[in-house]
Amino acid sequence: MIVAIVTFELPRASSLAEMSATFQSTAPKYQDVPGLLRKNYFVSEDGLRAGGIYVWASRADADRLYTADWRKFVEGKYGVPPVIEILRSPVMVDNRDKSIVVA
């Protein structure tokens with residue numbers, strides 16, 4: 001599995017309610033994306049940093065999303081370019097179904 005942490009520094013502090021509304025407007029775009037197992041949106045306590053934590057089946061799946069067009073979409077939505085960090089995740093614990101997944 002691959003975890004991608006996408007972060008962007010916001011040009012001004014945003015409230016949790018503002019960011020939640022924005023996130024809800026983009027969430028449907030990520031439904032049924034091949035290889036995307038999960039996406040969690042986040043906003044920092046001070047409202048100056050936001051982004052998403054993506055869990056992917058493979059690096060190839062992640063790379064298919066993070067194109068120049070996608071980066072342009074994100075920058076247009078949030079006013080700043082995203083920073084993408086790709087990490088390998090060999091083991092995941094999911095307490096919702098009491099599972100341990102080994103990649």
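This section describes the sheet, helices, nonpolar core and selected local features of a predicted model.

Residues are numbered from 1 along each chain as its sequence is written. Because the model is predicted, local features require pLDDT of at least 70 and side-chain atom pairs count only at pLDDT 80 or more, whereas totals for chains, interfaces and linings use all residues, and side-chain values use heavy atoms, with hydrogens and water left out.

Secondary-structure elements are DSSP runs numbered from the N terminus, with helices (H or I) of at least four residues and strands (E) of at least two. Four strands form an open sheet in the order β2-β3-β1-β4, with antiparallel pairing; two strands pair if DSSP finds at least two bridges between them. Strands β2 and β4 (83-88) are the edges, each pairing on one side only. From one strand to the next, the twist averages 15 degrees. The antiparallel strands β2 and β3 are joined by seven bridges. Within this pair, Val-43 has Ala-50 of β3 as its bridge partner, and Arg-38 stands opposite Val-55 in β3.

The hairpin of β2 and β3 has five residues between the strands, and Gly-47 in this hairpin adopts a positive phi near 75 degrees. Ser-44 is located in the loop between β2 and β3. With a relative accessible area of 16%, Ser-44 is buried; here buried means under 20% relative accessible area, exposed over 50%, and partly exposed in between (1.4 Å probe, protein chains only). The side chains of Ser-44 and Asp-46 are joined by a polar contact of 2.6 Å. A polar contact is a pair of N or O atoms within 3.5 Å; within protein, one atom must be able to donate a hydrogen and the other to accept it, and residues adjacent in sequence count only if both atoms are side-chain atoms.

Ile-53 belongs to strand β3 and is partly exposed, at 35% relative accessibility. Ile-53 and Val-3 are 50 residues apart along the chain, yet their C-alpha atoms are separated by 6.9 Å. When residues up to four places away in sequence are not counted, Ile-53 touches Val-3, Ala-4, Arg-38, Lys-39, Asn-40 and Phe-42, contact being defined as heavy atoms within 4.5 Å.

Helix α1 lies across β2 and β3 and runs at about 155 degrees to β2. Helix α3 packs on the sheet, where it touches β1, β3 and β4, and its direction makes about 40 degrees with that of β1. Axes are lines fitted to C-alpha atoms, for helices over the stretch in contact, and the angles run from 0 to 180 degrees between N-to-C directions.

In α1, the buried residues are Met-19, Phe-23 and Thr-26. These residues cover an arc of only 60 degrees around the axis, which puts them on the same side of α1; the arc is that of the directions from the helix axis to the C-beta atoms. They pack against β2, β3 and α3, while the face of α1 turned away from the buried side carries the exposed residues Ala-17 and Gln-24. In α3, the buried residues are Trp-70, Val-74 and Tyr-78. Seen down the axis of α3, these residues fall within an arc of 50 degrees, so they line one face of the helix. Their packing partners are β1, α1, β3, α2 and β4. Exposed residues Ala-68, Asp-69, Lys-72 and Gly-76 are carried on the face of α3 turned away from its buried side. Just after α3, Gly-79 takes a positive phi of about 85 degrees.

A nonpolar core is a set of buried Ala, Val, Leu, Ile, Met, Phe, Trp, Tyr and Cys residues joined through side-chain atoms within 4.5 Å. The largest such core has 20 residues, and those with the most contacts inside it are Phe-8, Tyr-54, Trp-56, Leu-65, Tyr-66, Trp-70 and Tyr-78. Two or more residues are given to this core by each of β1 (2-9), α1 (16-26), β3 (49-56), α2 (59-65) and α3 (68-78). Strand β1 provides the largest share, four residues. Leaving aside neighbours within four places in sequence, Tyr-66 is in contact with Ala-4, Val-6, Tyr-54, Trp-56, Arg-71, Ile-84 and Ile-86.

Most residues other than glycine have a negative phi. Asp-32, in the loop between α1 and β2 (36-43), has a positive phi near 65 degrees and is exposed at 77% relative accessibility. Lys-98, in the loop between β5 (91-94) and β6 (99-102), has a positive phi of about 60 degrees and is exposed, with a relative accessible area of 71%.
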